[in-house]
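Welcome! Take a moment to look over the chain, then work through the exercises below one step at a time.

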Amino acid sequence: MKRTVYVISVSGPKFYQVKTHNEGLMARIEMGRQLFQVIHIDHNRLFYESFDVKGELFDSFTLEK
């Protein structure tokens, strides 16, 4: 089964409340935390990692084609 993965992140100091009617669409929700992403592609695999400003891993996944 093919699925679309959307990633939304913030790296600045301004945050907005998540609308409660959209929560069912999100696998993870974090508010008030600045994150950055590292994406690596190796042949037919995409590796995704999300870190906070301290360098701690927040989330990760691998997509294989």
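What share of the contacts in the chain with a separation of 6 or more do residues 24 or more positions apart account for? Such residues account for 19% of those contacts, where contact means heavy atoms within 4.5 Å.

Before going further, note that this is a predicted model, in which local features need pLDDT of at least 70, side-chain atom pairs count only at pLDDT 80 or more, and totals for chains, interfaces and linings use all residues. Residues are numbered from 1 along each chain as its sequence is written, and side-chain values use heavy atoms, with hydrogens and water left out.

**Exercise 1. Describe the chain as a whole.**

Step 1: list the elements. The chain has 0 helices and 3 strands, and read from the N terminus its elements run β-β-β. Here helices (H or I, at least four residues) and strands (E, at least two) are DSSP runs, numbered from the N terminus.

Step 2: look at burial. Of the 65 residues, 9% count as buried. Buried means under 20% relative accessible area, exposed over 50%, and partly exposed in between (1.4 Å probe, protein chains only).

**Exercise 2. Work out how the strands are arranged.**

Step 1: find the order. The 3 strands make an open sheet with the order 1-2-3 and antiparallel pairing. Two strands pair if DSSP finds at least two bridges between them.

Step 2: find the edges. Strand 1 and strand 3 each have a single partner strand, so one side of each is left without a neighbour in the sheet. From one strand to the next, the twist averages 15 degrees; the axes are lines fitted to C-alpha atoms, for helices over the stretch in contact, and angles run from 0 to 180 degrees between N-to-C directions.

Step 3: count the bridges. Strand 1 is joined to strand 2 by 8 bridges, and L35 stands opposite D52 in strand 2. Strand 2 is joined to strand 3 by 7 bridges.

**Exercise 3. Find the positive phi in the hairpin.**

Step 1: recall the background. Most residues other than glycine have a negative phi.

Step 2: find the residue. The hairpin of strand 1 and strand 2 has 2 residues between the strands, and there H43 takes a positive phi near 55 degrees.

Step 3: check its surroundings. H43 lies in the loop between strand 1 (35-42) and strand 2. Is H43 buried or exposed? With a relative accessible area of 77%, H43 is exposed.

**Exercise 4. Find the aromatic pairs.**

Step 1: apply the rule. Rings of Phe, Tyr and Trp (its six-membered ring) pair if their centres lie within 6.5 Å; planes under 30 degrees apart count as stacked, over 60 as edge-to-face and the rest as tilted. By this rule the count comes to 2 aromatic pairs.

Step 2: examine F36 and F51. These two are stacked, 5.6 Å centre to centre with 25 degrees between the planes. F36 is in strand 1 and F51 in strand 2, 15 residues apart. F36 is partly exposed at 39%, whereas F51 is buried at 15%.

Step 3: examine Y48 and F61. This pair is also stacked, at 4.6 Å centre to centre and 15 degrees between the planes. Y48 lies in strand 2 and F61 in strand 3, so the pair ties together parts that are 13 residues apart in sequence. Y48 is buried at 8%, while F61 counts as partly exposed at 24%.
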